[in-house]
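Here are my notes on this entry, as numbered points. Please read them with the structure open.

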Amino acid sequence: MKFLEVLAGEAIWPPPLWLMRQAGRYLPEYRTVRAKAGDFISLCLTPALAEEVTLQPIRKFGFDAAILFSDILILPMALGQDLSFAEGEGPRLPPLETASLLNPDRAAGVYAPVIETVSRLRRSLPKETALIGFAGGPATVACYMLDGQGGGFPRTRRLAYENPRFVRDVLAILTDATVEYLSAQVNAGADCVMLFESWAGMFPPAQFRDLVIGPNRLISDELKRRHPGIKIIGFPRLAGLMLNEYTQKAGVDAVGLDNVTDIATARAVCPPGMVLQGNLDPLLLKLGGKPLEDAVSALLGEMHGYPHIFNLGHGITPDVPEAHVARLVELVRRG
Ligand code: 1CP
């Protein structure tokens, strides 16, 4: 598989391509299945439906990789924290007051349907399409657990200074649970895994080291010990200059780049051989036309000769016209 060869460090031209949130509301067939499932959590926990929405963008656009359809917040739910998705507003959880509420022993039973989705996908995906398993990075998942919703995470930021022991306790539980969760995905057939540290860039350097790099490293080391050769993509979004330390110390093989990072600079600060993924501005996919064409050709030109996985710098937004995605695929395939 072209995707896995690049993840192993080969430069392949034209580069393999997939898009974060490639299964989602910009696709009418997704909206149909989503309506059938009723709510978003049921969609994530019904293997036949989660499998179907994972396959939809592969059928339509022939991406080189499929990403398991689920959400980073299924894990805290599996650990015992209530979770709901307010329509159009994103996740809601009761802000966590004590780590003792979390029960790692029950988690595998709750996320079993997600593992079942991975097994089904292993059988139903075309043989040339890689399957990406994923979890949230512990710091990012803890943000939602401690604040209860997205939007700046003021409580998490305070707690990281005022009650670091509590934050570390939560992260320790999450780190172990994430290893088990990703390991189960690999056993069920995921070809590689991605850790979404979407809010990594919110933490000042000392906390970034402690809360982002440390737990990411523990997860990478233990996964590689259990599954020799498994490749890990880290996504420390908005890491800025901490990208250097992250790629040296987090134990990942590839790094997803947000759309405000200059990719040539990223190449220069990452250790030799680090595979880069990203980093097209998702807004360009909404706009289409010349701005999209120019940016795609600049990104392709910049990464020619280096191991690169073409992707966006963040997820596709629901307002993206399908025709723009089709055009992007055409441009990347042409090289
Ligand atoms: O209404 C709907 O259909 C729900 C929208 C939606 C979708 C399609 C949510 C709610 N999650 C997802 C799927 C999802 N989430 C995937 C599936 C695979 C794919 O990429 O196609 C993945 C990998 C995620 C990961 C995820 N969830 C992240 C990390 C990536 C990122 O976007 O930064 C985060 C932060 C979440 C939390 C979350 N879940 C959903 C929303 C709207 C949010 C973000 C809330 C916020 O902005 O704080």
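1. The lining of the largest pocket has 22 nonpolar, ten polar and seven charged residues. Keep in mind that this is a predicted model, and that totals for linings use all residues.

2. The largest pocket holds about 1200 Å³ of space. Its lining counts 39 residues. Closest to the centre are Arg-21, Arg-25, Phe-40, Asp-71 and Phe-85.

3. Helix H2 (28-37), strand S2 (84-86), strand S3 (90-92) and helix H7 (138-147) each supply at least two residues. H2 gives the most, with three residues.

4. Now to strand S4, residues 130-136. S4 is mostly covered: seven of its seven residues are buried. Buried here means under 20% relative accessible area.

5. Which way do the S4 residues point? Ala-130, Ile-132, Phe-134 and Gly-136 point one way, and Leu-131, Gly-133 and Ala-135 the other way. In a regular strand, side chains alternate between the two faces of the sheet. In S4, the residues pointing either way are all buried.

6. S4 has pairing partners. Strand S1 (residues 65-67) pairs with S4 in the parallel sense over three bridges. In that pairing, Ala-65 stands opposite Ala-130.

7. Strand S5 (residues 192-197) also pairs with S4 in the parallel sense, over five bridges. Here Ile-132 stands opposite Cys-192. Ile-132 is one of the buried S4 residues, pointing the way Ala-130 does.

Terms used. Residues are numbered from 1 along each chain as its sequence is written. This is a predicted model: local features need pLDDT of at least 70, side-chain atom pairs count only at pLDDT 80 or more; totals for chains, interfaces and linings use all residues. Side-chain values use heavy atoms; hydrogens and water are left out. Buried means under 20% relative accessible area, exposed over 50%, partly exposed in between (1.4 Å probe, protein chains only). Helices (H or I, at least four residues) and strands (E, at least two) are DSSP runs, numbered from the N terminus. Two strands pair if DSSP finds at least two bridges between them. On a 1 Å grid over the protein atoms alone, a cavity is a set of points where a 1.4 Å probe fits but cannot get out, and a pocket is an open set with protein on both sides within 12 Å along at least five of seven lines; lining residues have an atom within 4 Å of a point. Grid points are joined across faces, edges and corners, and a volume is the space filled by probe spheres set on the points. Ala, Val, Leu, Ile, Met, Phe, Trp, Tyr, Cys and Pro count as nonpolar, Asp, Glu, Lys and Arg as charged, and the others, Gly among them, as polar.
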